[in-house]
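Trainee: I have a new model open and would like to go through it with you. Can we start with the pockets?

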Amino acid sequence: MKLLITGTAGFIGHHLTLKLKKAGFEIVGLDSINSYYEPQLKLDRLKNQGFDTSNIPYNSLLRGNDGISFIKLNLEDKENLFKLFETEKFDFVVNLAAQAGVRYSLTNPQAYIDSNIQGFINILEACKHYPVKHLVYASSSSVYGLNKEMPFSVLHNVDHPISLYAASKKSNELMAHVYSHIFNVPTTGLRFFTVYGPWGRPDMALFIFTKAILENQPIEVFNDGNMLRDFTYIDDIVESISRLLVKPPLAKPELGSSNLQANLSTAPYQIFNIGNNSPVKLTDFVEAIEDKLGKKAVIIKKPLQTGDVPNTYADVNDLFEYIDFKPETNIKDGVSNFIDWYKSYYQK
């Protein structure tokens, strides 16, 4: 079975590539290797996958070891993306490539339109013209926006996003439904909840806090530390994706229009939360980092930032029912694993 993973030089894409490589998939990874954060980390992830990163030309497929390949390509490049689909004849697609970050979207909105809207419609169009068994794509817990009902359920209203990033992800879900309904493309959207772990993104809190504490720098804790986050460990994320990938949704023509729900359609379409179902107070998260490092943080408390939601909490009952798995890694173990990786990576 041949699989395209977009964003394979990214955090989740890297871990998913390694896991599905072991599972025997023939994988083509795709990434633009942009400069949203330090490209060297992305290159080192690719090196960890077995690629020579000394020279990566644009739009040239690099064949690696054990049935894994990589191509540097922008999702906005429709012509070359279509050529890739035509040549490789993918069975499955996991679209993780996106412009990430809530706060970055406040000052760089065009990047989200280019990557998350134009890029995603190109993926949908490619899956229409070169049919695949299943398209799995990344959404985000950010879509819940102003919703205050906890835990967040896929049945809740998500019509009030508070960042362009969130709006772009909600748009992806709507676009996917259209292609599932009209063109019978089986799609599964995944609302990720604060993913963390080894090889994580430098713009995320765990990375920022760990670096600052080790360097004796203060850390900024927003909303005076009164934030709850459903931190979800990377191994739980990729286990969920790998199980969902081989269980594409089926069309349900027997459903009447009165029975439609946010995650239940007559089309081969579904949405899941992937979260730890156990929110952690931000101050407790910082304490877990301090305990592992054996150092106290210098904390500067600040108000809630524009675009951020105060709390996240995932209802994952339907995920567990569908794949007999739900994330469970506790914050102490997950933070410990990240810091072990961080020290090893930056001591080399």
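Mentor: Fine, and keep in mind that this is a predicted model. The second largest pocket has a volume of about 220 Å³.

Trainee: Which residues line the second largest pocket?
Mentor: The lining is made of Pro 248, Pro 249, Leu 250, Lys 252, Asn 263, Leu 264, Tyr 269, Gln 270, Ile 271, Phe 272, Asp 318 and Tyr 322. By class, eight of the lining residues are nonpolar, two are polar and two are charged.

Trainee: And which element gives the largest share of that lining?
Mentor: Strand E12, with four residues. E12 covers 269–274, and helix H10, at 317–323, also supplies at least two lining residues.

Trainee: Staying with E12, how many of its residues are buried?
Mentor: Six of its six residues, and E12 is mostly covered. Tyr 269, Ile 271 and Asn 273 point one way, while Gln 270, Phe 272 and Ile 274 point the other way.

Trainee: Where does E12 sit in its sheet?
Mentor: The sheet is open, has eight strands with mixed pairing, and runs in the order E3-E4-E2-E1-E5-E6-E7-E12. E3 and E12 are at the edges with a single partner strand each, so one side of each has no neighbour in the sheet. For E12, strand E7 (residues 187–192) pairs with it in the parallel sense over six bridges. One of the bridge pairs is Gly 189 with Ile 271 in E12.

Trainee: What about E2, which strands does it pair with?
Mentor: Strand E1 (residues 2–6) pairs with E2 in the parallel sense over five bridges, and Lys 2 stands opposite Glu 26 in E2. E2 (residues 26–31) also pairs in the parallel sense with strand E4 (residues 68–72), over five bridges. There, Asp 31 has Lys 72 in E4 as its bridge partner.

Trainee: Is E2 largely enclosed or left open, and why?
Mentor: Five of the six residues of E2 are buried, so E2 is largely enclosed by the rest of the structure.

Trainee: New topic. I clicked on Gln 49; where is it found?
Mentor: Gln 49 is in the loop between helix H2 (39–48) and strand E3 (62–63).

Trainee: Buried or exposed?
Mentor: Gln 49 counts as buried, because its relative accessibility is 3% and the cut-off for buried is under 20%.

Trainee: What does its side chain reach?
Mentor: The side chain of Gln 49 reaches the backbone oxygen of Thr 8 at 2.9 Å. Setting aside neighbours within four places in sequence, Gln 49 contacts Thr 8, His 14, Thr 17, Leu 18, Lys 21 and Ile 68.

Trainee: And Leu 124, what does that one touch?
Mentor: Leu 124 is in helix H5 (residues 109–129) and counts as buried at 0% relative accessibility. Not counting residues up to four places away in sequence, Leu 124 touches Leu 135, Met 175, Ala 176 and Tyr 179.

Trainee: Last one, H7. Which of its residues are buried?
Mentor: In helix H7 (residues 205–214) they are Leu 206, Phe 207, Phe 209, Thr 210, Ala 212 and Ile 213. These buried residues pack against strand E8 (195–196), strand E9 (219–222), helix H9 (282–293) and helix H11 (331–346).

Trainee: What comes just after H7?
Mentor: Just after H7, Asn 216 takes a positive phi of about 60°.

How values were computed. Residues are numbered from 1 along each chain as its sequence is written. This is a predicted model: local features need pLDDT of at least 70, side-chain atom pairs count only at pLDDT 80 or more; totals for chains, interfaces and linings use all residues. Side-chain values use heavy atoms; hydrogens and water are left out. On a 1 Å grid over the protein atoms alone, a cavity is a set of points where a 1.4 Å probe fits but cannot get out, and a pocket is an open set with protein on both sides within 12 Å along at least five of seven lines; lining residues have an atom within 4 Å of a point. Grid points are joined across faces, edges and corners, and a volume is the space filled by probe spheres set on the points. Ala, Val, Leu, Ile, Met, Phe, Trp, Tyr, Cys and Pro count as nonpolar, Asp, Glu, Lys and Arg as charged, and the others, Gly among them, as polar. Buried means under 20% relative accessible area, exposed over 50%, partly exposed in between (1.4 Å probe, protein chains only). A polar contact is a pair of N or O atoms within 3.5 Å; within protein, one must be able to donate a hydrogen and the other to accept it, and residues adjacent in sequence count only if both atoms are side-chain atoms. Contact means heavy atoms within 4.5 Å. Two strands pair if DSSP finds at least two bridges between them.
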